[in-house]
Amino acid sequence: MSRTFVLVPGACHGGWAWQAVANHLRAAGHTVHAYTPPGLGADDDRRGVGLDDVARDLVAYVKERDLHDVSLVGHSWGGMVLSAVAHDLEPRLAHLVYYGAFVPLAGESLRDLCPPHYQELFDSLAGASDDNSLTFPLPVLQGGFIQDASEDVQLLAHSLLTPQPYATMTDPVGRIDYAALDVAQSYVVSPDDLALPPGEFGWTPRFPERLHRPTVITSEGSHEAMFTRPDVVARDLLAAVGA
């Protein structure tokens, strides 16, 4: 059965980050939309862009294309976006898939869900910018995001990053009640995803436990496995939606 996927990227990424995964999904007969949020296009003005702006844009994106039975996938920060749009898009959704992603409760921001050293780093980077944005430093990317790639691939991935409007990371999610959603929910994560440290601030078990009866898929590869193992990511996204 063919599925319709809308893929939401993580912070500092655009739809381009999903292209290799999208190619595998399309080759398997599925329809794929790789979405780029406002503020994350190469020429976008990032000043004043917040999480609500992204949520409104994604809702409009889905409705303008008259998409239905959507498997909505969010990577990393993209999980914040999924939660921000879940109730508004509920009639058009078949599945919410959090892939190595944040799962906020109402009133929580991404910053709230990060360990203190990341909060301090993000505050400093955004404060030093002229438009309240940040980009992950190369050592952070190499050490915790894409440690399973060669240095050449790490440098290439870093060069493609776009500054993230910091308000999209400090704005809280409003209404979200996972148990009230009539939408299947899944969480996909790899034990080799080191973007969040194991323990209190780790991806698991805290984020899957927030979802309602989720299907949990153990994947492979780093936080940026869409670059290093796109075939595996595509396989596990299909498993997450029962395809």
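Modeller: Two strands pair if DSSP finds at least two bridges between them. Strands (E, at least two residues) and helices (H or I, at least four) are DSSP runs numbered from the N terminus. This is a predicted model, where local features need pLDDT of at least 70 and side-chain atom pairs pLDDT 80 or more, while totals for chains, interfaces and linings use all residues. Residues are numbered from 1 along each chain as its sequence is written, and side-chain values use heavy atoms, with hydrogens and water left out.

Biologist: Which residue of S7 stands opposite tyrosine 99?

Modeller: Valine 188 of S7 stands opposite tyrosine 99. Strand S7 covers residues 184-189, and its pairing with S4 is parallel, with 5 bridges.

Biologist: How many bridges join S3 to S4?

Modeller: Strand S3, residues 70-75, is joined to S4 by 6 bridges, and these two strands run parallel. In this pair, leucine 93 of S4 is opposite valine 70. Between S3 and S4 the chain passes through helix H3, residues 78-89, in a right-handed β-α-β crossover. Right-handed means that, with the strands pointing away from the viewer, the path from the first strand over the helix to the second runs clockwise.

Biologist: Is strand S4 mostly covered or mostly uncovered?

Modeller: Buried means under 20% relative accessible area, exposed over 50%, and partly exposed in between (1.4 Å probe, protein chains only). Strand S4, residues 93-99, is mostly covered, with 6 of its 7 residues buried.

Biologist: Why does serine 2 count as partly exposed?

Modeller: Serine 2 counts as partly exposed because its relative accessibility is 46%. This serine 2 lies in the segment before strand S1 (4-8).

Biologist: Which residues does serine 2 touch, leaving out those up to four places away in sequence?

Modeller: A contact means heavy atoms within 4.5 Å. On that basis serine 2 touches Gly29, His30 and Thr31, with residues up to four places away in sequence not counted. A polar contact is a pair of N or O atoms within 3.5 Å, one able to donate a hydrogen and the other to accept it. A polar side-chain atom of serine 2 is 2.9 Å from the backbone oxygen of glycine 29. From serine 2 to glutamate 209, C-alpha to C-alpha, is 29 Å in space, and they are 207 residues apart in sequence.

Biologist: How many disulfides does a search of the whole structure find?

Modeller: A disulfide is a pair of cysteine sulfur atoms within 2.5 Å. The search of the whole structure finds 0 disulfides. For cysteine 12, the nearest cysteine sulfur is that of cysteine 114, 12 Å away.

Biologist: Are these cysteines buried or exposed?

Modeller: Cysteine 12 counts as buried because its relative accessibility is 0%. Cysteine 114, at 2% relative accessibility, also counts as buried.
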